[in-house]
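Subject: A structure for you to explore

Hi there,

Here is the structure I promised to pass on to you. Have a look around in the viewer, and then read on for what I found.

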Amino acid sequence: MINNVESLNNNIIIGEPILNKSKIVFKGENNILFFDDGITLEDTAINFLGNNSLVVIRQSKHPIKLDLRIYNDSTFYLGKECSMNKAVFCVASEAKNIIIGDDCLFANLITIRTGDAHRIYDISTRKRINEGRSVFLGDHIWLGTGVTILKGSKIHSGSILGANAVLTGKEVKSCCVFAGNPAKEIKSNVVYNRQGSHGLTPDETQKISVISETEIEKFIYKYNEKEYIDFNNIDNDISSISTGEKRLEYLKERLFKSTKNRFSL
């Protein structure tokens, strides 16, 4: 049904996800929605509220849970094997982009926005002071319950934001923990893995109190000049591409084939 071109009003859907209590709405034209194979949308709403935007959702064994609102000339990219406890609320507006890497973990009540709802001006200069900016998350990021990521934020691979953290326009280096409002670094040189801890017995807790050298190496992200992809370069490249078709080709070439430390700094 979602591939019925006659009902899409000059918009394109590529791929056939399973929709479970989910909906896709187009209120503009010349938008592209791309899905990898084998994707399930659960409690998801994808709303195109403008023209000439692109949404890319990569493969995951986990159900994808999003409340996405995307406006004109914006791009939303969700990498492979991301998982969400509840729908992540995302707003891509002001022709800016949200780029999320692979293997990211989202708790409940997460918000990601590239702009503010209203305009703020400096009285003395009459210039606007809250223009939208793109948001970037690297690979293997963990956002705790209630985290808010606002315009201009850049989070490099392997980092964690603690519960209710609010990050605005800051850069988070790899393998760090940020917390608070406004979010600040509280710990560096740390890693996390996805295995749950809630059901552990005392004996199990003791067994995992130290992680093996082989295991911890999987989660250590560090800068590698040959692999590194600068978030700013991606943003500039995407913003310079006029059509969704060409942006999709760019993302396929640039992001579909990943290396471990591409977003590590």
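Where is Pro 17 found? Pro 17 sits in the loop between β1 and β2 (18-20). Please keep in mind that this is a predicted model.

Is Pro 17 buried or exposed? The cut-off for buried is under 20% relative accessible area. Pro 17 has a relative accessibility of 11%, so it counts as buried.

Now for the strands. Strands of a sheet pair through backbone hydrogen bonds, and the pairing can be parallel or antiparallel. In this model, eight strands form an open sheet with parallel pairing, in the order β1-β4-β7-β9-β12-β15-β18-β21. At the edges are β1 (12-14) and β21 (171-172), each of which pairs on one side only. The partner of β1 is strand β4 (residues 32-35); three bridges link them in the parallel sense. Ile 14 is opposite Phe 34 of β4.

Helix α4 (residues 244-255) packs on this sheet, where it touches β1, β4, β7 (54-57), β9 (75-78) and β12 (97-100). The direction of α4 makes about 30° with that of β7.

Another pair to look for is β3 and β6. Strand β6 (residues 45-48) runs parallel to β3, and four bridges join them. In this pair, Val 25 stands opposite Asn 47 of β6. Strand β3 (residues 23-26) also has two faces: Ile 24 and Phe 26 are on the covered one, while Lys 23 and Val 25 are on the uncovered one.

Finally, the pockets. What is the volume of the largest pocket? The answer is about 680 Å³. Its lining is made up of 23 residues, and those nearest the centre are Asn 193, Arg 194, Gln 195, Gly 196 and Ser 197. By class, the lining of the largest pocket has 11 nonpolar, 10 polar and two charged residues.

The second largest pocket holds about 240 Å³ of space. Among the residues that line this pocket are Arg 69, Tyr 71, Glu 94, Asp 116, His 118 and Arg 128. Six residues of this lining are charged, four are nonpolar and two are polar.

Enjoy exploring, and write back with any questions!

Best wishes

Methods
Residues numbered from 1 in each chain as written. Predicted model: local features only at pLDDT ≥ 70, side-chain atom pairs only at ≥ 80, totals over all residues. Heavy atoms only, no water. Buried < 20%, exposed > 50% of the residue type's maximum accessible area, 1.4 Å probe, protein only. Pairing = 2+ DSSP bridges. Contact = heavy atoms within 4.5 Å. Axes fitted to C-alpha atoms, helices over the stretch in contact; angles between N-to-C directions. 1 Å grid on protein atoms, 1.4 Å probe; cavity = no way out; pocket = protein on both sides within 12 Å on 5 of 7 lines; lining within 4 Å. Points joined across faces, edges and corners; volume = space filled by probe spheres on them. Nonpolar A, V, L, I, M, F, W, Y, C, P; charged D, E, K, R; others polar.
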